2 protein chains.
Amino acid sequence: MTTRPEPVYLKIKNELLDRIRNGELRPGDKVEHEEIIAQQYDCARATVHRAIRELAEEGYVERKRRAGTRVASAGTRATRVTIPLVRQEIEERGASYRFTVLEQSVRETPQAIAENLGVERGTKALYLRCVHFASDIPFQLEERWINLEMVPEAEHANFDQINPNEWLVQSSPYSEAAHFFSAQNANAEQASTLNVLENDALFVIERRTHLGGKAITYAQLLHPGANYRMTAKNFSFSTKN
Amino acid sequence: MTTRPEPVYLKIKNELLDRIRNGELRPGDKVEHEEIIAQQYDCARATVHRAIRELAEEGYVERKRRAGTRVASAGTRATRVTIPLVRQEIEERGASYRFTVLEQSVRETPQAIAENLGVERGTKALYLRCVHFASDIPFQLEERWINLEMVPEAEHANFDQINPNEWLVQSSPYSEAAHFFSAQNANAEQASTLNVLENDALFVIERRTHLGGKAITYAQLLHPGANYRMTAKNFSFSTKN
DNA sequence: ATTTCTAATATGTCCATACATATTCAATCT
DNA sequence: AGATTGAATATGTATGGACATATTAGAAAT
């Protein structure tokens with residue numbers, strides 16, 4: 001198998017990472033200066049810099065000017081989590097997707113929701129409740145509030161063909177989002193909607209979406225715990241293997 | 001307030017991100033070529049390259065040679081999750097930390113565990129069960145298996161002063177880890193240990209740790225759902241604000 | 001019309017150099 | 001001793017050039 005030449009910065013990065021992983025370089029240890037590594041690999045300092053900068057971004061080393069680079073103290077691990085669109089997630093499992101809107105009404109926001117939307121309590125907002133099915137089995141219950149001050153068109157939007165999340169993604173694709181993950185017991189209503197038993201554990205994703213400091217929407221996405229498992233992916237891989 | 005001059009690559013990155021966020025650049029739209037942007041900002045192409053490369057790593061744009069750069073189709077969002085050491089997590093909440101080892105024994109691995117450890121079913125491994133307390137309230141129940149083929153010292157390690165996770169982190173700080181998140185109902189034993197009711201929802205973190213393709217340990221970290229909420233952090237911020 | 005080849009092109013990597021800036025360490029002054 | 005100052009130094013950003021490589025669009029051949 002002819003292997004394409006690995007970029008030098010990746011080679012340096014991976015070899016450093018290996019040394020960190022196998023314990024040759026331990027937390028607190030100093031990493032050689034960029035210039036010295038550049039000599040060792042016979043490359044430019046910028047190339048070494050990129051390698052070590054990426055390791056720093058991924059949390060493996062810590063850098064300080066003049067002080068140099070040290071292996072970071074281990075323990076806390078940063079991983080990458082991808083929150084997909086429900087439809088994608090379902091179709092990737094080889095199941096067919098459909099959804100139904102159980103409720104769609106303009107309501108006064110209760111305290112907890114108002115806080116999440118950053119509006120005064122009692123401000124009118126669009127409340128939505130949907131179920132998303134994977135091959136006709138309930139997969140996700142979505143309870144959503146949309147800030148009509150930010151997205152007034154939502155009030156008369158039609159969610160027969162397109163689900164609220166995808167509709168919102170169209171209107172402002174890359175708004176800023178904050179996510180929280182937790183576990184809850186299903187209440188009677190949630191249980192019957194998701195076709196599980198009351199008190200069954202649910203995996204909950206909360207999402208708050210902003211644009212320019214103002215909240216667009218707040219959603220709770222509830223999944224039957226028995227089916228649902230979220231996977232975190234690592235940042236970098238030593239290609240050696 | 002005298003503000004230090006923003007690096008050019010960040011200025012470019014943030015201004016592009018703003019254009020993507022506010023909808024001026026929509027998914028599928030082409031971003032100007034690096035050389036053109038370099039002219040606009042009167043900087044080198046390498047500077048533009050870094051700005052756009054970071055946007056690509058964070059999932060905002062997609063790049064192809066010759067084809068150019070396009071705003072990525074929105075929807076799936078990548079976020080960063082940090083899994084801290086229990087002790088840190090508890091102390092950061094201003095609570096005092098202590099833990100107790102409920103069980104520590106060498107056992108034959110059952111099927112499910114053997115799969116996670118990548119060993120033959122029935123291989124001996126160290127089984128550990130610990131509770132971690134936040135100001136004397138049970139915070140996390142840890143059920144762990146350690147592969148003694150990889151870490152034989154663990155068999156006679158003393159977990160009175162240092163908890164198993166921190167002990168393992170010392171022995172191989174930056175092994176590779178895979179994480180999974182899910183929700184489970186507490187069984188009777190878990191419930192009494194965590195001082196919650198049977199069937200209460202638990203937030204579960206599973207962690208599988210490898211080194212050079214071989215599993216070191218597999219752990220389930222169970223948290224009472226009522227207390228626990230995991231927060232995902234975004235990658236980049238437009239500094240404009 | 002379809003396939004095959006070829007040239008154009010935008011991104012990907014890299015270099016050699018330069019200067020900026022945070023931080024340390026040592027020398028100097030109180 | 002303690003505070004202040006200043007030089008040394010490792011990283012951070014940037015330049016302007018070069019070549020590599022994937023991919024596309026168009027030309028040529030079937």
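A: Helices (H or I, at least four residues) and strands (E, at least two) are DSSP runs numbered from the N terminus. This is a predicted model, in which local features need pLDDT of at least 70 and side-chain atom pairs pLDDT 80 or more, while totals for chains, interfaces and linings use all residues. Residues are numbered from 1 along each chain as its sequence is written, chains are lettered from A and ligands numbered from 1 in the order written, and side-chain values use heavy atoms, without hydrogens or water.

Q: What makes a residue count as near DNA strand D, and which are the closest?
A: A residue is near if one of its heavy atoms lies within 4 Å of the strand. By that rule 24 residues surround DNA strand D, with A:Arg45, A:Arg63, B:Val8, B:Thr47 and B:Arg66 the closest. Helix 3 of chain B gives the largest share, four residues.

Q: How do the residues of this surface divide into nonpolar, polar and charged?
A: There are six nonpolar, five polar and 13 charged residues. Here Ala, Val, Leu, Ile, Met, Phe, Trp, Tyr, Cys and Pro count as nonpolar, Asp, Glu, Lys and Arg as charged, and the others, Gly among them, as polar.

Q: What makes the approach of B:Ala44 to DNA strand D a polar contact?
A: A polar contact is a pair of N or O atoms within 3.5 Å (within protein, one must be able to donate a hydrogen and the other to accept it, and residues adjacent in sequence count only if both atoms are side-chain atoms). A polar backbone atom of B:Ala44 is 2.7 Å from a phosphate oxygen of DNA strand D, so the pair qualifies. B:Arg45 reaches a base instead: a polar side-chain atom lies 3.4 Å from a base nitrogen.

Q: Which residues come nearest to DNA strand C?
A: Of the 23 residues around it, A:Val8, A:Thr47, A:Arg65, A:Arg66 and B:Arg63 come nearest. Sugar and phosphate make up 67% of the atoms of DNA strand C within 4 Å of the protein. A phosphate oxygen is 2.7 Å from a polar backbone atom of A:Ala44, and a base nitrogen is 3.0 Å from a polar side-chain atom of B:Arg66.

Q: Why is the A:Glu34 and A:Arg63 pair called a salt bridge?
A: The term asks for a side-chain nitrogen of Lys or Arg within 4 Å of a carboxyl oxygen of Asp or Glu. For A:Glu34 and A:Arg63 the closest N and O atoms are 2.7 Å apart, so the pair passes. A:Glu34 is in helix 2 (residues 34–41) and A:Arg63 in strand 2 of chain A, so the pair ties together parts 29 residues apart in sequence.

Q: How do you know whether these two residues are buried or partly exposed?
A: Buried means under 20% relative accessible area, exposed over 50%, and partly exposed in between (1.4 Å probe, protein chains only). A:Glu34, at 10%, is therefore buried, whereas A:Arg63, at 31%, is partly exposed.

Q: What makes strand 8 and strand 9 of chain B a pair?
A: Two strands pair if DSSP finds at least two bridges between them. Strand 8 (residues 176–185) and strand 9 are joined by 10 bridges and run antiparallel, so they pair. Strand 9 (residues 201–211) is mostly covered, with eight of its 11 residues buried. With strand 10, strand 9 forms a hairpin with two residues between them, and B:Gly212 in the turn has a positive phi of about 60°.
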